[in-house]
Amino acid sequence: MAFRSLLFLTVILLIHPAARSDDDLPSDAELAAFNRTSFPSDFLFGASSSAFQYEGAANVRDKIADQSNASKADEFYKLHQDDVSRIKNIGLDAFRISISWSRLIRYKNDTPVLRRRGLEYYNNLINGLLNTSDGQRRVEPFVTLFHWDTPQFLEEKYGGFLNESIVNDYVEYVNFCFKNFGDRPVYQYALAVGRFDNSSQNCPEGNSGTEPYIVAHNILRAHAAAVKLYRNNYTDSQKGKIGIVLNVDWLIPYDKNNASDRQAVDRAFAFHYGWFMQPIYNGSYPAVMREYIGDRLPKFNITESAMLNGSYDFVGLNYYTAGYAMDVECSKGPKNYYTDPCVNVTKQRNGTDIGPKSCSGWLYVYPRGIRELLLFTKNKYNNPEIYITENGFSTCNHRDINDPRRTAYHYHHLKYIKSVLPDVDRVEPAKEKNKNVKGYLLWSLLDDFEWNSGYTVEFGIIHVNYTEDSLDRKYKHSAKWYKHFLNPMLKEIGSPK
Ligand SMILES: *[C@@H]1O[C@H](CO)[C@@H](O)[C@H](O)[C@H]1NC(C)=O
Ligand SMILES: *[C@@H]1O[C@H](CO)[C@@H](O)[C@H](O)[C@H]1NC(C)=O
Ligand SMILES: *[C@@H]1O[C@H](CO)[C@@H](O)[C@H](O)[C@H]1NC(C)=O
Ligand SMILES: *[C@@H]1O[C@H](CO)[C@@H](O)[C@H](O)[C@H]1NC(C)=O
Ligand SMILES: *[C@@H]1O[C@H](CO)[C@@H](O)[C@H](O)[C@H]1NC(C)=O
Ligand SMILES: *[C@@H]1O[C@H](CO)[C@@H](O)[C@H](O)[C@H]1NC(C)=O
Ligand SMILES: *[C@@H]1O[C@H](CO)[C@@H](O)[C@H](O)[C@H]1NC(C)=O
Ligand SMILES: *[C@@H]1O[C@H](CO)[C@@H](O)[C@H](O)[C@H]1NC(C)=O
Ligand SMILES: *[C@@H]1O[C@H](CO)[C@@H](O)[C@H](O)[C@H]1NC(C)=O
Ligand SMILES: *[C@@H]1O[C@H](CO)[C@@H](O)[C@H](O)[C@H]1NC(C)=O
Ligand SMILES: *[C@@H]1O[C@H](CO)[C@@H](O)[C@H](O)[C@H]1NC(C)=O
Ligand SMILES: *[C@@H]1O[C@H](CO)[C@@H](O)[C@H](O)[C@H]1NC(C)=O
């Protein structure tokens with residue numbers, strides 16, 4: 001009896017605090033006690049950004065929640081030197097930027113021509129991060145080569161990634177990047193863009209039964225060709241690493257006792273993670289995708305498979321949220337990327353949310369999912385080197401620099417990441433550990449232009465005041481917390497310039 005109640009208590013102690021703390025705001029004492037010294041000393045901490053969402057001096061059309069556009073964004077193009085000072089003030093080890101293909105290259109009668117001013121801008125930005133004069137901190141640039149901004153010229157010429165002609169143009173573009181920036185570390189990014197559902201209001205065009213798969217197929221071909229070029233012509237001299245960044249949600253069976261729901265999880269996972277990860281891992285699409293999509297899923301030929309196989313030095317994972325997957329009858333209506341897996345992914349189970357809500361309908365907080373994803377990736381894909389390249393929480397109050405829920409979000413996710421890193425104090429089964437997790441870059445340094453949400457949601461640890469022409473920046477509570485986390489010996493947390 002005594003033994004039984006002891007066991008019972010142990011179970012409560014292990015599970016109850018963890019379950020509670022995921023949703024709770026950590027106390028000041030808990031925040032203060034957690035800092036980077038409990039991570040390996042070479043673990044990189046940083047923040048992420050992207051060209052289109054930050055730079056300004058760009059234009060887009062329609063479909064944006066607040067009818068805004070990215071023509072101004074954060075004016076990072078103009079203000080980046082001050083922002084680099086902020087990055088150094090917080091104490092980041094790494095900062096992820098993306099290169100805008102169109103800012104670097106223009107097409108003159110089909111021939112790519114380097115834009116001097118674009119080149120100068122990215123050189124300044126990268127050199128500013130690396131600059132160590134006057135005792136400045138060196139910040140490692142993570143350079144994303146493609147973050148959703150296909151040149152309009154190629155979009156009009158042949159439909160962008162819908163046409164395999166993109167592969168040669170992409171290789172030409174990345175060759176410019178490798179040649180000009182590659183003497184400093186280079187990392188690559190790709191993400192699926194496609195007209196997933198042509199019955200939706202935002203994108204009523206195109207054939208949703210085939211196009212998402214064609215676009216992804218060409219992204220993968222372009223990725224493989226870029227990696228091949230880098231490895232053949234640049235790795236030896238530049239010693240950089242090249243990889244891919246994938247956006248992955250964690251999934252849980254709606255009913256864990258239902259075998260169909262457990263299979264639905266595997267299927268939904270194959271459709272969003274395996275779709276990209278398995279081709280670069282071993283040159284093939286997941287068998288379940290072939291089974292459910294049939295001939296609408298393109299095929300790689302032998303040469304392409306061989307080129308894809310192992311085409312990464314690391315994998316970047318963007319993790320934000322999780323969902324419940326439920327097996328559902330396959331749609332008798334239109335076949336598209338959403339209906340093909342025959343899975344319903346929801347954020348509620350029996351009326352209860354999977355975790356606290358953010359300002360974004362798709363983002364419910366589920367920190368332990370990051371741990372599951374890191375262990376899953378290790379076991380399924382032979383233990384690749386991993387960076388968390390995005391992880392963040394959205395708010396929508398537009399003025400508040402007091403953001404305890406954002407701080408809590410990063411705190412809990414970092415706790416779960418720490419839980420998979422080898423711990424010198426405790427011996428745990430190796431399958432519960434993943435020592436190949438090498439860094440954490442949160443999304444995002446600044447509030448920014450959030451695609452179809454425009455400026456209506458914020459992810460930044462630095463507030464950008466869009467009502468002021470100067471786009472005044474202010475550190476939020478979360479930035480001060482991150483600074484303390486990275487510099488635990490500091491008594492006073494620096495205030496904004
Ligand atoms: C972008 O937004 C600004 C500010 O609202 C507006 O002046 C400009 O005309 C817009 N540009 C485009 C291309 O819609
Ligand atoms: C590097 O920093 C020094 C001193 O702060 C500054 O004078 C110089 O312009 C910086 N160089 C670059 C490329 O940012
Ligand atoms: C791809 O674009 C080329 C022109 O660059 C065109 O000849 C070809 O038909 C296009 N292919 C597809 C599948 O649209
Ligand atoms: C929309 O996509 C469906 C497949 O999901 C396709 O059958 C249909 O032809 C597409 N509509 C248009 C206008 O292309
Ligand atoms: C890559 O290297 C090969 C062999 O040295 C060379 O033939 C080729 O032109 C190079 N490619 C580019 C894009 O520089
Ligand atoms: C949902 O609630 C019902 C009624 O309480 C219960 O029978 C069922 O097991 C619950 N389902 C899950 C997946 O928890
Ligand atoms: C599992 O869930 C499916 C779909 O909701 C349902 O049709 C099936 O009866 C369930 N199976 C069991 C064993 O509960
Ligand atoms: C590729 O890897 C997946 C995932 O580990 C595995 O299921 C599949 O059998 C492999 N395919 C080939 C052709 O090796
Ligand atoms: C595979 O496809 C590529 C185009 O992506 C083509 O250049 C190559 O010749 C094909 N190889 C084989 C073996 O069919
Ligand atoms: C998905 O699940 C939600 C919540 O249970 C339900 O409201 C919705 O109708 C389901 N959709 C499909 C296609 O089954
Ligand atoms: C943003 O700017 C407006 C107008 O100058 C000002 O009233 C407001 O206090 C600013 N917000 C923050 C968080 O600084
Ligand atoms: C930083 O974390 C370490 C290890 O977890 C802890 O021992 C130390 O007290 C913390 N430092 C501060 C200043 O809180």
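What follows is a friendly conversation about a predicted model.

Colleague: Let's start with glutamate 390. What makes this residue count as buried or exposed?

Modeller: Glutamate 390 has 22 C-beta neighbours inside 10 Å. A residue is buried if 20 or more other C-beta atoms lie within 10 Å of its own, so glutamate 390 counts as buried.

Colleague: Where does glutamate 390 sit, and which residues does it touch?

Modeller: Its place is in strand S13, residues 386-390. Leaving out residues up to four places away in sequence, glutamate 390 touches Ser48, Asn318, Leu441 and Trp443. UniProt, in an unreviewed entry, places the feature "active site" at Glu390.

Colleague: How do you know which strands are the edges of the open sheet?

Modeller: Seven strands form that sheet, in the order S5-S2-S1-S14-S13-S8-S6, with parallel pairing. Strand S5 (140-144) and strand S6 (243-247) each pair on one side only, and these are the edge strands. On average, neighbouring strands of this sheet are turned by 25 degrees against each other, direction ignored.

Colleague: What makes S1 and S14 a pair?

Modeller: Two strands pair if there are at least two bridges between them. Strand S1 (residues 44-48) and S14 have four bridges, in the parallel sense, so they qualify as a pair. Within this pair, glycine 46 stands opposite leucine 441 in S14.

Colleague: Where is serine 444, and what kind of peptide bond joins it to tryptophan 443?

Modeller: Serine 444 is in the loop between strand S14 (437-442) and strand S15 (462-464). The bond between tryptophan 443 and serine 444 is cis, with omega at about 20 degrees.

Colleague: Last one: which residues surround ligand 2, and how do they divide by class?

Modeller: Asn127, Gly128, Asn131, Ser133 and Asp134 surround ligand 2. By class, this shell has four polar residues, one charged and no nonpolar.

How values were computed. Residues numbered from 1 in each chain as written. Chains lettered and ligands numbered in written order. Predicted model: local features only at pLDDT ≥ 70, side-chain atom pairs only at ≥ 80, totals over all residues. Helix = DSSP H or I, 4+ residues; strand = E, 2+ residues; numbered from the N terminus. Axes fitted to C-alpha atoms, helices over the stretch in contact; angles between N-to-C directions. Near = placed C-beta within 6 Å. Nonpolar A, V, L, I, M, F, W, Y, C, P; charged D, E, K, R; others polar. UniProt positions renumbered as here; feature names shortened; annotations may be inferred. Buried ≥ 20, exposed ≤ 12 C-beta atoms within 10 Å, placed from the backbone. Contact = placed C-beta atoms within 7 Å.
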